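Please open the model in a viewer and keep the selection tool at hand.

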Amino acid sequence: MTRDLLLKIELLSDPKWLYVVRGAVERLAETVGFPAAECRSVVRAVDEALTNVMRHCYCGRLDQPIELSFRRLGSHSKAGKKGLEILLCDRGPAVDKSKLRPQTSSELRPGGLGLQFIREAMDSIGYKRVGHTNLLRLVKYLPSEKP
Amino acid sequence: MQISIRRVDNATIVDVSGDIDLASSPEVRKALLREVGDNRKPRVVMNLTAVRYIDSSGVASLVEGLKASRDIGSRFILVGLNGPAREVLQLSRLLKVFEIYDTELEALAARV
């Protein structure tokens, strides 16, 4: 598993670091081989996931730990497809899974878009709680791997 | 993120540059609600030409500006919607909700 690790970022839950992470993620997605539009959607998904942790898990606290890991998925992966796996870990309270479900309302209202952007960008989204840690797993396959 | 305000005739132009994300969207929201709600200008034009990135909290700020303007019967207009910002509004299915022009001149000249 370690040999597939591309990048690991540990940061505090201060929104000022979102800009830094976006820059790194954009370059990493390019390196993995995603075309420009897909790189942008990967950046959006990671940014929105981090924002959700900062806002909802840590309730705006600026000093809490967040960890991001980026791994290359090769043809040896479970799905047999190449792509990128992103793991986001936080130590906030357990996430209410009902809040992760898609929102279908078309009413014009602020908020509620972050998860939509994540769903739009990623091929797979998984959440689990391990001890006191929330683990969000995002997977995006390279376009050449999709049917 | 930088934000500045200009007055042109009976309109307010809000110039925003840089990234609108969780770190900066509260400031954008505050500025919009102040110009729309407190200063009650009949036309508030949000210039997004120099915005490189906008996230869902930034979009939420735009929506709040729009709602506040509708509440008082004024106009809230977006200008210079470039690639990244346009893409995000398209994903949000909000492109048709806003009044949008390519240039500030068009936005100021536009009649209802």
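The stops below cover one chain, then the contact between chains, then the other chain.

The model is predicted, so local features are described only at pLDDT of at least 70 and side-chain atom pairs only at pLDDT 80 or more, whereas totals for chains, interfaces and linings use all residues. Residues are numbered from 1 along each chain as its sequence is written, and chains are lettered from A and ligands numbered from 1 in the order in which they are written.

**Chain A as a whole**

Select chain A, which has three helices and five strands. Helices (H or I, at least four residues) and strands (E, at least two) are DSSP runs, numbered from the N terminus. Along the sequence their pattern is β-α-α-β-β-α-β-β. Of the 147 residues in chain A, 29% are buried. Here a residue is buried if 20 or more other C-beta atoms lie within 10 Å of its own, exposed if 12 or fewer, and partly exposed in between, with C-beta atoms placed from the backbone. Among contacts in chain A with a separation of 6 or more, 66% join residues 24 or more positions apart; two residues are in contact if their C-beta atoms, placed from the backbone, lie within 7 Å.

**A helix pair in chain A**

Next, select H2(A) and H3(A). Their axes are 8 Å apart, and the helices pack at an angle of about 145°. Axes are lines fitted to C-alpha atoms, for helices over the stretch in contact, and angles run from 0 to 180 degrees between N-to-C directions. The residues in this contact include Ala45(A) and Ala49(A) of H2(A), together with Phe117(A) and Ile118(A) of H3(A). By class, the contact has six nonpolar, four polar and three charged residues. Ala, Val, Leu, Ile, Met, Phe, Trp, Tyr, Cys and Pro count as nonpolar, Asp, Glu, Lys and Arg as charged, and the others, Gly among them, as polar.

**A glycine in a strand**

Move to Gly126(A), in strand E4 (residues 124-130) of chain A. Is Gly126(A) buried or exposed? It counts as exposed, because it has 11 C-beta neighbours inside 10 Å.

**Where the chains meet**

Display both chains. The contact takes 18 residues from chain A and 16 residues from chain B. On the side of chain A that touches chain B, helix H1 (18-32), helix H2 (36-57) and helix H3 (114-121) each supply at least two residues. H2(A) gives the largest share, six residues. That side of chain A divides into eight nonpolar, three polar and seven charged residues.

**The sheet of chain B**

Now select the strands of chain B. Five of them form an open sheet with mixed pairing, in the order E1-E2-E3-E4-E5; two strands pair if DSSP finds at least two bridges between them. Strand E1 (2-8) and strand E5 (99-101) of chain B each have a single partner strand, so one side of each is left without a neighbour in the sheet. From one strand to the next, the twist averages 25°.

Begin at E1(B), which lies largely in the open because zero of its seven residues are buried. E1(B) pairs with E2(B) in the antiparallel sense over seven bridges, and Ser4(B) stands opposite Asp15(B) in E2(B). The two strands form a hairpin with two residues between them, and Asp9(B) in the turn has a positive phi of about 55°.

Continue to E3 (residues 43-54) of chain B, which pairs with E2 (residues 11-20) in the parallel sense over nine bridges. Asp19(B) has Tyr53(B) in E3(B) as its bridge partner.

Finally, select helix H2 (residues 56-72) of chain B, which lies across E2, E3 and strand E4 (75-79) and runs at about 175° to E3(B).
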